[in-house]
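Here is a friendly note to read alongside the model. Please keep the 3D view open as you go through the points.

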Amino acid sequence: MGETEEKEEKFKDAQNGDEEKDKKKKEKKDKKEKKEKNPEDKNDPAKLKAKLDKIGSKIQALNVKREEILKLLEEAEAKATPSATEA
């Protein structure tokens with residue numbers, strides 16, 4: 001009898017965990033829906049410049065990451081190539 005009670009408790013705990021996950025998902029959706037875009041922002045030069053700067057900084061960061069990955073790729077290929085030609 002003790003085992004079945006433990007199993008039932010674990011089952012209930014699992015169900016409660018699922019319900020909490022569902023609540024969190026709904027909260028995330030609500031946050032996304034709350035932010036409405038203001039059509040006047042498209043005509044405001046200051047806001048447009050801010051957006052452009054933000055995008056530019058993101059692009060720079062991505063380019064830095066890209067260069068790092070390219071270096072790693074070249075190193076990996078250089079290490080792999082000599083071992084392939086030796087065989």
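Predicted model: local features only at pLDDT ≥ 70, side-chain atom pairs only at ≥ 80, totals over all residues.

1. Residues are numbered from 1 along each chain as its sequence is written, and side-chain values use heavy atoms, with hydrogens and water left out.

2. The protein chain has two helices and zero strands; these are DSSP runs (helices H or I, at least four residues; strands E, at least two), numbered from the N terminus.

3. Of the 87 residues in the protein chain, 1% are buried. Buried means under 20% relative accessible area, exposed over 50%, and partly exposed in between (1.4 Å probe, protein chains only).

4. Which side chains does Arg66 join in a salt bridge? Arg66 pairs with Glu67, at 3.8 Å from N to O. The rule asks for a side-chain nitrogen of Lys or Arg within 4 Å of a carboxyl oxygen of Asp or Glu, and the count comes to one salt bridge. Glu67 is partly exposed because its relative accessible area is 43%.

5. Now look at helix α1, residues 2–34, where you will find Glu5. A surface patch of negative charge brings together Glu5, Glu6, Glu8 and Glu9. Patch residues have over 30% relative accessible area and no salt bridge, with like charges joined within 9 Å, and nonpolar side chains (Val, Leu, Ile, Met, Phe, Trp, Tyr) within 5 Å. Glu5 is partly exposed, at 48% relative accessible area.

6. Lys24 is also in helix α1. Together with Lys21, Lys25 and Lys28, Lys24 forms a surface patch of positive charge. With a relative accessible area of 54%, Lys24 is exposed.

Notes:
Areas by Shrake-Rupley, 256 points an atom, 1.4 Å probe, with all protein chains shown as cover. Lys, Arg positive; Asp, Glu negative; His and termini not counted. Charge placed at Lys NZ, Arg CZ, Asp CG, Glu CD.
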